[in-house]
Amino acid sequence: MAGEPQEDCLFCKIVAGTIPATIVRQTETTIAFRDINPQAPTHVLIIPKAHYENVAALAAADPGLTADVVREAQAVADEEKLDSHRLVFNTGSGAGQTVWHVHGHVLGGRGLEWPPG
């Protein structure tokens, strides 16, 4: 069921504390932690504590929680002292989503070319 923890979800296990992560911020509704395979000097993932498969599902079900995730992404960028950054949500395997729990990537600390990918 959407919003409920999933036993086989890596990020739900991080939320539960059964898998360690380098947490940089945490609120009542979100957790931000460093990516284990960083693609930039700053690469932090922001996830809602509730399980939703992707950002579209999250936005449809809980716009307020979607706003929490985006607000925390900016807070991470501020704390990391990034003068510019990119916030990326991959949706679907063709876009590079490998964990089926919505997560935003805060990337910064180097030039980010456009178009990406």
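Helices here are DSSP runs of H or I with at least four residues, strands are runs of E with at least two, and both are numbered from the N terminus. By that count, the protein chain has three helices and five strands. Their order from the N terminus on is α-β-β-β-α-α-β-β.

Before I go on, a word on the source. This is a predicted model, in which local features need pLDDT of at least 70, side-chain atom pairs count only at pLDDT 80 or more, and totals for chains, interfaces and linings use all residues. Residues are numbered from 1 along each chain as its sequence is written, and side-chain values use heavy atoms, with hydrogens and water left out.

Now the chain as a whole. The C-alpha trace spans about 40 × 30 × 25 Å along its principal axes. Buried means under 20% relative accessible area, exposed means over 50%, and partly exposed is in between, with a 1.4 Å probe and protein chains only. On that scale, 38% of the 117 residues in the protein chain are buried. Contact means heavy atoms within 4.5 Å. Of the contacts in the protein chain with a separation of 6 or more, 53% are between residues 24 or more positions apart.

On charge, Lys and Arg count as positive and Asp and Glu as negative, while His and the chain ends are not counted. Each charge is placed at NZ of Lys, CZ of Arg, CG of Asp or CD of Glu. The protein chain has 8 positive and 14 negative side chains, and the centres of the two sets lie 6 Å apart.

Next, helix α3. How does its span compare with what its 17 residues should give? The expected span is 1.5 Å times one less than the number of residues. For α3, residues 63–79, that should be 24 Å, and the end C-alpha atoms are 24 Å apart, so the two agree. Several residues of α3 are buried, among them Leu65, Val69, Ala73 and Val76. Which elements do the buried residues of α3 pack against? They pack against β1, β2 (30–34), β3 (42–48), α2 (55–61), β4 (85–88) and β5 (104–108).

After α3 comes lysine 81, in the loop between α3 and β4. Is lysine 81 buried or exposed? Lysine 81 is exposed, because its relative accessible area is 73%.

Alanine 16 is in helix α1, and it counts as exposed because its relative accessibility is 59%. Alanine 16 and lysine 49 are 33 residues apart in sequence, with 8.8 Å between their C-alpha atoms.

Alanine 21 sits in the loop between α1 (10–16) and β1 (23–26). At 30% relative accessibility, alanine 21 counts as partly exposed. What does alanine 21 contact, leaving aside its neighbours within four places in sequence? The answer is Ile14 and Phe33. Alanine 50 is 29 residues away from alanine 21 along the chain, and their C-alpha atoms are separated by 17 Å.

Last, the segment after β5, where proline 115 lies. The peptide bond from tryptophan 114 to proline 115 is cis, with omega near 0°.
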